[in-house]
Structures are given as C-alpha cells and as structure tokens.
Amino acid sequence: MDTATAPLTNGNGRHHTLAPEQLKAEVRRLARERDAVILAHNYQEGDIQDVADVIGDSLNLAKHARAASAKVIMFCGVHFMAETAAMLNPAKLVLIPDLQAGCSLADMVVPHQIRQWKAAHPAGVVVCYVNTSAAVKAECDYCCTSANGIKVIESIPADREILFVPDYYLGTYLKAKTKRNIQVWKGYCPAHAVILPEKVDALRDAHPDAEFLMHPECGCLTKQMDLADQILSTEAMVKHVRTSPAHTFIIATETGILSRMQKDNPQKTFLPASEQAACHHMQRNTLEKVFWSLATLQHRITVDPALAKRALVPIERMMALS
Ligand code: CIZ
C-alpha cells in the first residue's frame, strides 16, 4: 500500500505508516477538525514543538490555556500543567497525550505533609512551585514558577516566615536572592540533578567563550551559583539566547529546550550541560501520541470543582503578579 495514502484511523492497533512530516500535517489537520489549540512546553521534543500553536513555559501556557477559545486544549506537557489548564478553563476539553506524563518533583510532596508542616509553623506562608499537584496547591497560599518566584516571594509581607515546596534548589536560590526567612522542602528534579559541576567545568574549559545559562532547579546550583553567567527560567533562557552576542551557550536544564533554541537561532551553538538531563515524563509524549490523543479525544484531564476552587487561590495570586 502506498504509505502516503495509508489509513491512519485503524483503531486499537495504533499503527501509522507516515513519515514525520506527513504525521505533522495530519496532526495539524486533526487539530483544525477538532477545533483544538496545541500548547507545548519548552521541554517537549522538537517534533511536538513543530506542530504547536504555542510553545512556552508553564506560566505562558497557563495564560494561553485560560484565554483559549478553541473547544479542545491539547496540552503537550506534564500532568500538573494540564491540571492547571483544566482549572483555569474548565469549560474546555483538556487533553494530555500520555496520562503517565507526571512529574517526579511534584510527587515529592503530598497534601498531608503540607498540613503537618503548617501545623508546625502556624504563622508560615506556604509558597508552592508550579511543579505540584492541584491537591498540593489547594493547601498553599501562593504559587510561583521559576520565572516569577522572586516577585511572588517579595509580594509577601517581609516579617512572614515562608515555607517553600517542593524544590530545594529553587527554594535555596529564592532565599539567597530575596534574603527572606524561607524554610525549604527537600525535593528535587531528577533531570536537573544529573547536571554535575565536574561536567560543567570541563565544558566551560573546552568552550571558554560560551555563555553558561543555568536553571534554578539545577542540583549543581549550590556549588555553581556564582559561576553561572545567568540563572534563568526556561522562557528567560529562550529570550536571552536570541539577543545575546555570544555564539555558543552551555545550557543547564532539561535537554528538550535545545531544539527550540536551535530552531530559533540556527547560526548559534547550544551545548547541553548534561546529555542525561532528559525528563522521562516529558519524553512520554510523542508526536504519535499527540495524533492519537486528537483522534480519540483521550486522555481528558479534569479537576474536581471543589478542589479546583481552593487550588486556584494560589494560582490566581501568582497570575495577578505576572
Ligand atoms: O515553569 C516551567 O515551565 C518550568 C517547569 C520551568 C521553567 O523554568 O520554565
């Protein structure tokens, strides 16, 4: 059979025989047919980014999800991000390509642990990183991303103790930057934890003119904080490399972001601080799964309305500041 005309909708077998460019065209066709907007996180693979209407960090994607007029929001990212989209725009059908695309960092704190921590610090203000479940957000006062963490912390009265969950490295960075009284939970992102100072040092020796951009979730942060040229969120990194006069960049964050940087700046060189810094949850989403998700309208993400009402409090406080 001519592969260009092979049927795609062959049911449970979930095979297709299309080349990547044909599959991308099919995804775009289906998105139009379904009235779907495709939102893709900066860490998603290049093929998914190629079919997306919007590529961005969780904050940007949340803003687009809230404003979306399409019937379907195809959220190419991880579960907590799709949950936020579903809470911000509950009338829409929010889909995720792979239901198992979770977040190891988000799993490092659960609601009863927040309640216990608050009981031990009754005057504490709880700030959660966006990498948390809706159930955890519902226990918190403020939400933040790495793009707006400093602003969120600085919006809290200076005399208040702050309890920050779940990322130890982002929390430590925010504490150093704001000089606030912040107790930090000991969670970490396994993808960022494999970025080791020795490897970064070797890369910097080999590329002395390269700019070293580091994400605040990096486990190497405590040792390298003073050495990084910039400590930036993913969105800030994407913007920075467009305008920086440097030609070579060492990028210390999840490797999926390199495809966006390379596509935007074909004349520049981007080196991952670690080839191993790949998030296996983000990688569960593939172009094929995006296609099947649109074809079958699975997997729908919903949040119980009573829970969403509570979880939206810290999210809306963050969005009001952003
Ligand atoms: O907020 C996000 O999307 C994450 C997880 C990281 C970043 O810096 O953008």
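This is a predicted model: local features need pLDDT of at least 70, side-chain atom pairs count only at pLDDT 80 or more; totals for chains, interfaces and linings use all residues.
## Model confidence

The protein has a mean pLDDT of 93, and 93% of its residues reach 70 or more. Over residues 1–7, by contrast, pLDDT stays under 50. For residues 1–7 the model has 6 contacts beyond four places in sequence.

## Helix 1 and helix 14

Helix 1 spans residues 20–34 and helix 14 spans residues 287–296. Their axes come within 9 Å and cross at roughly 30°. Angles under 35 degrees count as roughly parallel, and helix 1 and helix 14 are therefore roughly parallel to each other. The crossing of these two helices is left-handed.

On the side of helix 1, the contact is made by P20, L23, K24, E26, V27, L30, A31 and R34. Helix 14 contributes L287, E288, V290, F291, L294, A295 and T296. Sorted by class, the contact of helix 1 with helix 14 comprises 10 nonpolar, 1 polar and 4 charged residues.

## Helix 3 and helix 15

Helix 3 (residues 58–67) packs with helix 15 (residues 305–321) at an angle of about 100°, and the two axes are 12 Å apart. Because of this angle, helix 3 is roughly perpendicular to helix 15, the range for that class being 65 to 115 degrees.

The residues making the contact are L59, A62, K63 and R66 of helix 3, together with E316, M318 and M319 of helix 15. In the contact of helix 3 with helix 15, 4 residues are nonpolar and 3 are charged, with no polar residues.

Note on methods. Residues are numbered from 1 along each chain as its sequence is written. Side-chain values use heavy atoms; hydrogens and water are left out. Axes are lines fitted to C-alpha atoms, for helices over the stretch in contact, and angles run from 0 to 180 degrees between N-to-C directions. Helices (H or I, at least four residues) and strands (E, at least two) are DSSP runs, numbered from the N terminus. Angles under 35 degrees count as roughly parallel, over 145 as roughly antiparallel, 65 to 115 as roughly perpendicular and the rest as oblique. A crossing is left-handed if the near helix is turned anticlockwise from the far one by less than a right angle, and right-handed if clockwise. Contact means heavy atoms within 4.5 Å. Ala, Val, Leu, Ile, Met, Phe, Trp, Tyr, Cys and Pro count as nonpolar, Asp, Glu, Lys and Arg as charged, and the others, Gly among them, as polar. pLDDT is the predictor's confidence in each residue, from 0 to 100.
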